[in-house]
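This briefing is for a reader meeting the structure for the first time. Please look over the sequence and the model before reading the points below.

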Amino acid sequence: MRNLTRLALLAGLTACGKKAPESTNKAGDISISDYVFSGIAKAQAQPVLSRSTILLKPCYKAGLVANEAMEGVINLTLKVSTDGETYGVEIADGSKAPKIHECVIEAYRAMKIPGAGSEGGTVSMAITLGK
């Protein structure tokens, strides 16, 4: 199921299976910042997480279907097992893009994050959508 979800996200499909329209926003409208690592090697994990914006683009495009002016920040924390599996994704209260939260959670659940220590770890970050 995780692989199917990931493929759907990569293909840009919305939850109902329809192709999301292309965004009128410029490329690069998603950025990740404010990383906080605990029990995870930053040097190994940050490059992988920085590239995760490609998995988030379909989520953002689907959100733009409902609201063309959608923008905001999603603050989330990933719980990572010792083998790099993401077993928990928590979005902080107050994040400003609730319509796409489930898509973002599924995208990160499908990821494998390197650099977790012998007890696993967490990484918190801010995902900015739009300007």
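What follows covers the overall layout and then the salt bridges, taken one at a time.

The model is predicted. The protein chain holds 4 helices and 4 strands, and 44% of its 131 residues count as buried.

**Overall layout**

- Read from the N terminus, the elements of the protein chain follow the order α-β-α-α-β-β-α-β.
- Among contacts in the protein chain with a separation of 6 or more, 75% are between residues 24 or more positions apart.
- The protein chain exposes about 7400 Å², and carbon and sulfur atoms supply 53% of that area.

**Salt bridge K57 and D29**

- Side chains of opposite charge can pair when their charged atoms come close.
- The side chains of K57 and D29 form a salt bridge, with 3.5 Å from N to O.
- K57 belongs to helix α3 (residues 53-66), while D29 sits in the loop between α1 (2-11) and β1 (30-38), so the pair ties together parts that are 28 residues apart in sequence.
- K57 is partly exposed, at a relative accessible area of 27%.
- D29 has 10% relative accessibility and therefore counts as buried, because buried means under 20%.

**Salt bridge K112 and E85**

- K112 and E85 are joined by a salt bridge in which the closest N and O atoms are 3.7 Å apart.
- This pair links distant parts of the chain, 27 residues apart. K112 is in the loop between α4 (101-109) and β4 (121-129), and E85 is in the loop between β2 (72-80) and β3 (86-91).
- K112 has a relative accessible area of 49% and is partly exposed.
- E85 also counts as partly exposed, at 27% relative accessibility.

**Salt bridge E106 and R109**

- In the salt bridge of E106 with R109, the closest N and O atoms lie 2.9 Å apart.
- Both residues, E106 and R109, are in helix α4. They are 3 residues apart, about one turn of the helix.
- E106 counts as partly exposed, with 23% relative accessibility.
- R109 is partly exposed as well, its relative accessible area being 34%.

Key
Residues are numbered from 1 along each chain as its sequence is written. This is a predicted model: local features need pLDDT of at least 70, side-chain atom pairs count only at pLDDT 80 or more; totals for chains, interfaces and linings use all residues. Side-chain values use heavy atoms; hydrogens and water are left out. A salt bridge is a side-chain nitrogen of Lys or Arg within 4 Å of a carboxyl oxygen of Asp or Glu. Helices (H or I, at least four residues) and strands (E, at least two) are DSSP runs, numbered from the N terminus. Buried means under 20% relative accessible area, exposed over 50%, partly exposed in between (1.4 Å probe, protein chains only). Contact means heavy atoms within 4.5 Å. Accessible areas come from the Shrake-Rupley method with a 1.4 Å probe; for residues, only the protein chains shown count as cover.
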